[in-house]
Amino acid sequence: ALRMAGLWEAFSEQVLENGDALKILDPQSIVRLEEVGNGERPEIDRQSLRKLLADSLPPEIVRWGCKLTSITDQGDHFSLNFADGTAERARVAIGADGAWSRVRPVLTEVMPAYTGVTFVELRHTEVKARCPYANKLVGDGLMFALGDSKGFIGHREPNDEVCVYAALRVPEDWQRNPVSREGLAALFADWDSTYHTLIAECDSLQIRPLYALPIGFRWPRSRRATLLGDAAHVMSPFAGEGVNLALADGCDLAEAINRHPNDIATAIAEYEEAMYARSTIMAQASHDSLERLIGPNGLANVLEFFTSI
């Protein structure tokens, strides 16, 4: 998709150095597996990728500040209603508006469901000076520290930043209550003190429950509307393919429209069949990985997975 958009070289310049490195630790912070990056699985900061894509478009293509609140099917067109009180008519609607898409209800009543796992995001800035524990623990790329149905998943970001997610099996309504550093540390009471320092020295805590659409989810075909990215197949991040799927969706849909510029219904049908096939495979992989990694034998399972590949 990036090559077709003419952005591969610019993308390559912003790939995180050694971003595909891997580090797996146990609850006692003992390193059980470590690999340096080899460039075969390039990683880029999501905001950098977003800017790369947006900046490549003509200025008038994106209308900023137009928050969609609802969309209704008027038979021969869609009516789009925005938060500022304005409305627009559209012959075709493509929902690329994320997990809680406002466009999806035009096609289906199905909504994402809670996966049973919640992340608490721990963000660390200026890690080399301010939080050497986080710097050492995460390493250059991706880090897993897993135990009995919980753990930490971290990754390196640009500008001397590290993001770590504390993964927990908690009820969906757990997110309604504020979480403190002390309260989170108590859930990892029997883990090494290094992880407690990781929690204590973070800049902020952000609760992020994980939701997913059903595996194999499809909607009744429309001649004038479709979905892509998380709007079409939101899943947990345990397959590591969310952004890749969205890029592939956009590429395939664009190609289908170019093949059938005067027959949008055929273009949508061709695109959806390809999208359903790959997203179903990845949704299943995401579900299976979540169950295996945030489960009773999480550490053994993550070691088995990465050594097998």
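A polar contact is a pair of N or O atoms within 3.5 Å; within protein, one must be able to donate a hydrogen and the other to accept it, and residues adjacent in sequence count only if both atoms are side-chain atoms. The model shown is predicted: local features need pLDDT of at least 70, side-chain atom pairs count only at pLDDT 80 or more, and totals for chains, interfaces and linings use all residues. Residues are numbered from 1 along each chain as its sequence is written, and side-chain values use heavy atoms, with hydrogens and water left out.

**View 1. Ser101 and its polar contact with Asp97.**
The side chains of Ser101 and Asp97 are joined at 2.6 Å. Ser101 sits in the loop between strand S6 (93–95) and strand S7 (113–125). Helices (H or I, at least four residues) and strands (E, at least two) are DSSP runs, numbered from the N terminus. Ser101 counts as buried because its relative accessibility is 4%. Here buried means under 20% relative accessible area, exposed over 50%, and partly exposed in between (1.4 Å probe, protein chains only). Leaving out residues up to four places away in sequence, Ser101 touches Leu227 and Ala231. Contact means heavy atoms within 4.5 Å.

**View 2. The open sheet of seven strands.**
The strand order is S2-S1-S8-S9-S10-S7-S11, and the pairing is mixed. Strand S2 (31–35) and strand S11 (204–212) are the edge strands, each pairing on one side only. From one strand to the next, the twist averages 15°. Two strands pair if DSSP finds at least two bridges between them. S7 and strand S10 (residues 161–169) pair in the antiparallel sense over nine bridges. Arg123 has Cys163 as its bridge partner in S10.

**View 3. Strand S9 and its two hairpins.**
Is S9 enclosed or open to the outside? S9 is largely enclosed by the rest of the structure, because seven of its eight residues are buried. S8 and S9 run antiparallel and are joined by five bridges. Leu142 stands opposite His155 in S9. The hairpin of S8 and S9 has three residues between the strands, and there Ser149 takes a positive phi near 60°. S9 and S10 also run antiparallel, joined by eight bridges. Gly154 stands opposite Val164 in S10. In the hairpin of S9 and S10, again with three residues between the strands, Asn159 takes a positive phi near 60°.

**View 4. Helix H6 across the sheet strands.**
Helix H6 (residues 193–200) lies across strand S1 (22–25), S7, strand S8 (142–146), strand S9 (150–157) and S10. H6 runs at about 60° to S9. Axes are lines fitted to C-alpha atoms, for helices over the stretch in contact, and angles run from 0 to 180 degrees between N-to-C directions.

**View 5. The largest nonpolar core.**
In soluble globular proteins, nonpolar side chains tend to be buried together. A nonpolar core is a set of buried Ala, Val, Leu, Ile, Met, Phe, Trp, Tyr and Cys residues joined through side-chain atoms within 4.5 Å. The largest has 28 residues, of which Leu122, Met143, Phe152, Val164, Leu184 and Phe188 touch the most other members. At least two residues of this core come from each of S7, helix H4 (132–138), S8, S10, helix H5 (181–187), H6 and S11. S10 gives the most, with four residues. Another core, of 27 residues, lies apart from it; Phe82, Ala90, Leu107 and Trp219 are among its members.

**View 6. Cysteines without disulfides.**
The structure holds zero disulfides, a disulfide being a pair of cysteine sulfur atoms within 2.5 Å. The closest cysteine sulfur to that of Cys163 is in Cys202, 10 Å away and so too far for a bond. Cys163 counts as buried, at 0% relative accessibility. Cys66 counts as partly exposed, at 28%.

**View 7. Asn301 in helix H10 (residues 298–308).**
Asn301 is buried, with a relative accessible area of 13%. A polar atom of the Asn301 side chain lies 2.9 Å from the backbone oxygen of Arg292. Not counting residues up to four places away in sequence, Asn301 touches Arg292 and Leu293. Asn301 and Asp26 are 275 residues apart along the chain, and their C-alpha atoms are separated by 12 Å.

**View 8. Gly240 in the loop between helix H7 (230–233) and helix H8 (242–259).**
Gly240 is exposed, with a relative accessible area of 54%. Gly240 and Ala285 lie 9.5 Å apart in space, C-alpha to C-alpha, and 45 residues apart in sequence.
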